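Please keep the sequence and the model in view while reading.

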Amino acid sequence: MKLHLKRTSMLAVGLLLGGNLLAQSTDTLSRETYVKPFSDGSAYRTWSFGFYGAGTSKYTIFRGKEDWTNNDIKFGYGAYIKKQFLHSFGLQGNFFRGQLAGNGNPVVGAANNSYKTNVDYAADLSAVFTLANISWRHNQSAIQPYLSAGGGYMGYRTNTYDVNGTKTSTLSYDATEFYIPLGAGFKFNVAPGVNIDLGYQVNFVNNDNFDGNITGSTLDKFSYAHAGLEFALGKRSKPQLATHNPVSSMRMEYTMKEKMLQNQIDAEKANTAALRNDLNTTNSNLAALNTKFTADSDADGVPDFFDKCPNTPAGTKVDGSGCPLTITKTVYITEEDKKVVKDAISNLEFDLGKATLRPNSLPSLEKVAELLVSKNFSLKLAGHTDNTGSAQLNMRLSKDRAESIKSFLVSKGANASRIEATGYGMNQPIASNKTAEGRQQNRRVEFTLY
């Protein structure tokens, strides 16, 4: 009885300690176990297996009427495999093997004084309900309490003994029976996918012969407290579904989106500030350019930036570059001017086969020179010959005669840059070279005044 009360007290203390451990959590765990909300089962590790050692007892927290007054604590062991379907629900296939013993038959004068039962196997399928993996206060709980219930079959061998320890056969059994396991416990998360499993389980046997003593109509039951390790199967990067806190993932999702939105807002603010700085710089540059392009120190209507002749006197008429306008008097070619040129052509004579001007040609050419100087006219001289002689000789002679006239005019003050002298040889006749008269007409120098 004292041992039974001691176990019950330890279970209560364990529940209190578990409540305190539920508060253990960190942001780091939240990040490590983050799964996008509403993800399917592939985002988690849903399969696990475990093994444990157990202390067995005929006493249970549902003691009731017992068949033996004294209980011996024996040893057992087991293993399980579990499939988690929801955060708080899974199915577990469990296997157990162990031994139970007791003594002190409460029936006065009974021949059987003790018993020993070997559980060769006990296999069951149980529903496991995880109670505290969902927390609205903490990112990740360090411990998950659970409850389990199911059904299965066990094979056991029970032997009874008299006061001398001699085996009796009267109440010895070798049986297979259905049983219902009810359990509770805690799983401590010591590493990703590794849990310490501490639990207590009561097994209701569908017979009264489990302990070798059939008394009344109460069916037998036994219990064991176990300690073991559970290992999650699958990729280490995935959290275990049974220990995962979906509230934490929802919070992390919200935090990440909030941070992303804040980053976008900050980026937009920075971009707006940069654009504002660019706009201010552009406005400043435009103002400087406006000042630069509109300043007109000499008030001539041309901005200083474009003014090639700054500081022109007030009232001076300027051109587009700011320089004073040069007013050029328009000069027209008159009939008298044309007559001067015509007379020069009529009186023009050269030595035979040479470019030397004869004296009677000079007075008329002097008048042409005076005309070029006084009116700043331009003059084109084109020398021509007949077809007497070679083409090469005629080309040179026509060029030399035009240059001879140009030299004379320049010597009289005409602007050399405004006189063009060209020779065409016999290439441009104006009359037939078959007659002397025609050849005379073809030997000429044409004057074009402009």
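A patch, as the term is used here, is made of residues with over 30% relative accessible area and no salt bridge, with like charges joined within 9 Å and nonpolar side chains (Val, Leu, Ile, Met, Phe, Trp, Tyr) joined within 5 Å. A salt bridge is a side-chain nitrogen of Lys or Arg within 4 Å of a carboxyl oxygen of Asp or Glu. Accessible areas come from the Shrake-Rupley method with a 1.4 Å probe, and for residues only the protein chains shown count as cover.

The model is predicted: local features need pLDDT of at least 70, side-chain atom pairs count only at pLDDT 80 or more, and totals for chains, interfaces and linings use all residues. Residues are numbered from 1 along each chain as its sequence is written, and side-chain values use heavy atoms, leaving out hydrogens and water.

**Overall build**
- Seven helices and 12 strands occur in the protein chain; these are DSSP runs (helices H or I, at least four residues; strands E, at least two), numbered from the N terminus.
- Of the 450 residues in the protein chain, 39% are buried, where buried means under 20% relative accessible area, exposed over 50%, and partly exposed in between (1.4 Å probe, protein chains only).
- The protein chain exposes about 25,300 Å², of which carbon and sulfur atoms supply 59%.

**Nonpolar surface patch**
- Trp 47, Phe 49, Phe 51, Ile 81, Val 190, Ile 196, Leu 198, Leu 229 and Leu 233 form a nonpolar patch on the surface, together holding about 740 Å² of accessible area.
- β1 (47-57) and β8 (194-205) each supply at least two residues of the patch, and β1 gives the most, with three.
- Leu 233 lies in the loop between β9 (221-232) and α3 (246-294); because its relative accessible area is 38%, Leu 233 counts as partly exposed.

**Nonpolar cores**
- A nonpolar core is a set of buried Ala, Val, Leu, Ile, Met, Phe, Trp, Tyr and Cys residues joined through side-chain atoms within 4.5 Å.
- In the largest core, of 24 residues, Leu 365, Leu 372, Ile 405, Leu 409 and Phe 447 touch the most other members.
- Elements giving two or more residues to this core include α5 (362-375) and α6 (391-411), and α5 gives the most, with five.
- A second, separate core of 17 residues includes Trp 68, Tyr 156, Tyr 179 and Phe 222.

**Disulfide**
- The structure holds one disulfide, a pair of cysteine sulfur atoms within 2.5 Å.
- Cys 309 and Cys 323 form this disulfide, with their sulfur atoms 1.8 Å apart.
- The torsion about their S-S bond is about 75°, so the disulfide is right-handed.
- Cys 309 is partly exposed at 22% relative accessibility, whereas Cys 323 is buried at 16%.
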